[in-house]
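Hi,

Here is the structure I promised to pass on.

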Amino acid sequence: MIVRLMGEGQYEVDDEVAKGLNELDEQAAEALEAGDEERLAELLRRMADAVRLNGARLPDEGLSPSEAIVPPDDLSLAEARELFEGEGLIPDLPSV
Amino acid sequence: MAGLMSRASLVVKSKFSKLLDRAEDPAETLDYSYEKQLELLQNVKRGIADVVTAKKRLELQEQQLQQSLVKLDAQAREALAAGREDLARQALERKSGLQQQLQSLDQQTQGLQQQQEKLVASEKALSAKVEAFRTQKETIKAQYSAAEAQVRIGEAATGIGEQMADTGLAIQRAKDKTESMQARASAIDELTTSGALEDFTTDQTQLDRELGAIASQSQVDRELEQMKAELGTGEEKKELQP
């Protein structure tokens, strides 16, 4: 499946990698819930590494949507909260 | 509790789905989306320029601090040579404070460098996708019926919308980091000019003045000695020739 590493690009990964990603993802959500910045950073890094090491980088000009989106691996706890829970860290796309 | 990946997907989709809702007919949707992509490309370019400017400012501040370090070191030596260990100690204390500031500035400059690299990569990816989208947009407009076009547009727009949200996040994060670093740089400037942190970066500091006083004192002594020598012993009062 196609996975996007935010801030980096898209990769094609196999089911085995996807399964591993989901496990790490659950733990990352728990770390965010617990406010454990160090653990969150570690898990986000492990997720990104799993994709980088086992996936194939897709060319930038591809227009296929991703099936999974992995948050940036250097996201701080405050940024993660803002991204997922608050007003949103991603600004609205430019409007008229 | 939902995982972070599905939450990230939701956030990303919510950002660009608005884009697709705006226009009614397919051709209009495509053109509108393309227009927004070009705007975002401009934004990311501006973002890169802002980071570069902020980085230059930090680098300039680093240079100034470096110069102050050299000066403080020289002043400490002068003070010591003049037998003023108290002044020498003062200069070295200031020097050590400045060194800490310098280290933190260095880390910040590196942080900005990373932001710059990320933005450049994001611009490259977005730029490639925008070009691909433009080609696809013309193909869709030329070859498909309205109903078919709707499906194709959905696919292409989802792919690029995801990149747009990603680039938007990169711009926002770089902006936040740049702003906080600029605030710190301003704080250092302010401390420096107010003298709270460092009076030593200005031309005439307390240390300069004290050292100057020592130097001029010894010059006065030297000249006095010289005059006394020229006038004889200097012990007896003599009438000066008119």
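**What I found**

Across the interface of chain A and chain B, the rule finds 14 residue pairs in polar contact, both residues at pLDDT 80 or more. A polar contact here is a pair of N or O atoms within 3.5 Å; within protein, one must be able to donate a hydrogen and the other to accept it, and residues adjacent in sequence count only if both atoms are side-chain atoms.

Before the rest, some housekeeping. This is a predicted model, where local features need pLDDT of at least 70, side-chain atom pairs count only at pLDDT 80 or more, and totals for chains, interfaces and linings use all residues. Residues are numbered from 1 along each chain as its sequence is written, chains are lettered from A and ligands numbered from 1 in the order in which they are written, and side-chain values use heavy atoms, with hydrogens and water left out.

Back to the A/B interface. The rule also gives 7 salt bridges there (a side-chain nitrogen of Lys or Arg within 4 Å of a carboxyl oxygen of Asp or Glu). One of them joins the side chains of A:Glu79 and B:Arg173, at 2.8 Å from N to O. On the chain A side, the elements giving two or more residues are β1 (2-5), α1 (15-34), α2 (37-54), β4 (68-70) and α3 (77-84); these are DSSP runs numbered from the N terminus, helices being H or I of at least four residues and strands E of at least two. The largest share, 8 residues, comes from α1(A). In all, the contact (heavy atoms within 4.5 Å) takes 45 residues from chain A and 44 residues from chain B. The two chains bury about 3,800 Å² between them, 62% of it on carbon and sulfur atoms; that is accessible area (1.4 Å probe) lost on being put together, summed over both parts.

Cheers
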